[in-house]
Amino acid sequence: PMPKRLRGVRLATLLMAVAVCAVIFGLGVHLYRAWSPVRRWARESRPGNPSFMRMHAVLNLTHDVPQSQLEEAFPVLLAAAKDPDPMIRASAASALSGRRDHFAEVLSVLRALMNDPSPRVRESTIVMLERFVKPGSPEVSTLIPELVAALDDPRPAVRLEACRALYTYGRLHSESQRVVPAMSRLIREEEGTHRLAAFVSPSCA
């Protein structure tokens, strides 16, 4: 039989090895969390960083996030949707459109961004809503009044996107009394690409 003292030494060595492994594992987890892509992009998305860096960080927080860290990234996107910089809010609209796992909450945020003070955000949000809310889904009916209201937006790009969204959802005919005047106004009043886009839009075909 093994001497009692030797057994004690071996047990102590084994316990020490387990403790060292635990410490190494803990440090590895800590370092991964500290330098994980989500943590890095969350830091880069904060105010004070260059706008271009922040935009890309927000977009990355949906498209390049490991499955295990999606929930950690989501609150950062919600905060970005309320950022003072309209470029960040537009990026947040794009990123959130990829988060169908939080469908109801994202839809509420995107609908709010349709009324954003920035025309760029309003335009981008309508484009993202076309991807997020599929034609034929029950949520379409809740969007139609807001899209129809957007036909009177002061910015031509927003009116065009509202028209295209109504076309995507198959509502051009039923809303033609609002769509056709809105597009005709663009043809008469705007120049360049907006005027051409209005002329070839489905409502005027």
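**View 1. What covers helix H5 in this predicted model.** The cover over the buried residues of H5 includes helix H3 (51-63), helix H4 (70-80), H6 and H7. Of the 11 residues of H5, 9 are buried, so this helix is largely enclosed by the rest of the structure. Take a look at the buried set: Ile88, Arg89, Ala90, Ser91, Ala92, Ala93, Ser94, Ala95 and Leu96.

**View 2. Helix H5 (residues 86-96) alongside H7.** Two packed helices are described by the angle between their axes and the distance between the axes. Here the axes come within 9 Å and cross at roughly 5°, which makes H5 roughly parallel to H7.

**View 3. The residues where H5 meets H7.** On the H5 side you will find Pro86, Met87, Arg89, Ala90, Ala93, Ser94 and Leu96. Their partners in H7 are Arg120, Val121, Ser124, Thr125, Met128 and Phe132.

**View 4. The aromatic pair of phenylalanine 103 and phenylalanine 132.** The structure holds 1 aromatic pair. Its ring centres are 4.6 Å apart and the ring planes lie at 15°, so the pair is stacked. The pair links distant parts of the chain, with phenylalanine 103 in helix H6 (residues 103-113) and phenylalanine 132 in helix H7 (residues 119-132), 29 residues apart. Both phenylalanine 103 and phenylalanine 132 are buried.

**View 5. Arginine 100 over an aromatic face.** Zoom in on the ring of phenylalanine 132 and you will see arginine 100 lying over its face, at 5.3 Å from the ring centre. Phenylalanine 132 is also one of the H7 residues that meet H5.

Methods. Residues are numbered from 1 along each chain as its sequence is written. This is a predicted model: local features need pLDDT of at least 70, side-chain atom pairs count only at pLDDT 80 or more; totals for chains, interfaces and linings use all residues. Side-chain values use heavy atoms; hydrogens and water are left out. Rings of Phe, Tyr and Trp (its six-membered ring) pair if their centres lie within 6.5 Å; planes under 30 degrees apart count as stacked, over 60 as edge-to-face and the rest as tilted. Helices (H or I, at least four residues) and strands (E, at least two) are DSSP runs, numbered from the N terminus. Buried means under 20% relative accessible area, exposed over 50%, partly exposed in between (1.4 Å probe, protein chains only). A charge sits over a ring if NZ of Lys or CZ of Arg is within 6 Å of the ring centre and within 35 degrees of the ring normal. Axes are lines fitted to C-alpha atoms, for helices over the stretch in contact, and angles run from 0 to 180 degrees between N-to-C directions. Angles under 35 degrees count as roughly parallel, over 145 as roughly antiparallel, 65 to 115 as roughly perpendicular and the rest as oblique. Contact means heavy atoms within 4.5 Å.
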